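I opened this notebook to record what I looked up in one structure. The entries follow the order of my reading.

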Amino acid sequence: MRQDSGDLFVMLSAISVYEMRRKTGTPMKKHPEDERYQNQFGSSLRALSDYLGLGIQIAAGFVFFVFAGYWADGQFGTSPFLLIAGVFMGMAGMVLVLMKTLKIANRKKQG
């Protein structure tokens, strides 16, 4: 593959400028796009962690109440009534967590 002499000159001058800045400790200029992408990545990661935490909280609460109902059925011999009660308590807990999250999101949006 043959390169044009102008391309080679541009490439060598860019390498020499990079090497000179690296040796002298002069920082390279940052492009505004680089900072924009870092801000987008950071905000995306924060949003992901918020939603992941919410999902884990909902799932853990639901599973806790279902297993508590299952365990209570085994202890008292009331199968499947306490399991069903645990399912409904788990769903009520999910609704409460979602309502709390929506209330906080609305406050952030308004103020």
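Entry 1, terms and source. I take a contact to mean heavy atoms within 4.5 Å. I note that this is a predicted model, in which local features need pLDDT of at least 70, side-chain atom pairs count only at pLDDT 80 or more, and totals for chains, interfaces and linings use all residues. Residues are numbered from 1 along each chain as its sequence is written, and side-chain values use heavy atoms, with hydrogens and water left out.

I looked up the elements, where helices (H or I, at least four residues) and strands (E, at least two) are DSSP runs numbered from the N terminus. I found three helices and zero strands, in the order α-α-α from the N terminus. Among contacts with a separation of 6 or more, 41% join residues 24 or more positions apart.

I use buried for under 20% relative accessible area, exposed for over 50%, and partly exposed for in between, with a 1.4 Å probe and protein chains only. Of the 111 residues, 9% count as buried. In α3 the buried residues are G86, G90 and V97.

I located Q57 in helix α2, which covers residues 32-76.

I take a pocket to be an open set of points on a 1 Å grid over the protein atoms alone, where a 1.4 Å probe fits, with protein on both sides within 12 Å along at least five of seven lines; lining residues have an atom within 4 Å of a point. The volume, which is the space filled by probe spheres set on the points, is about 360 Å³ for the largest pocket. Q57, V97 and K100 are among its lining residues, as are Y51 and I104. Both α2 and α3 supply at least two lining residues each, and α3 gives the most, with six.

I compared α3 (81-110) with its expected span, taken as 1.5 Å times one less than its number of residues. For the 30 residues of α3 this gives 44 Å, and the end C-alpha atoms are 44 Å apart, so the two agree.
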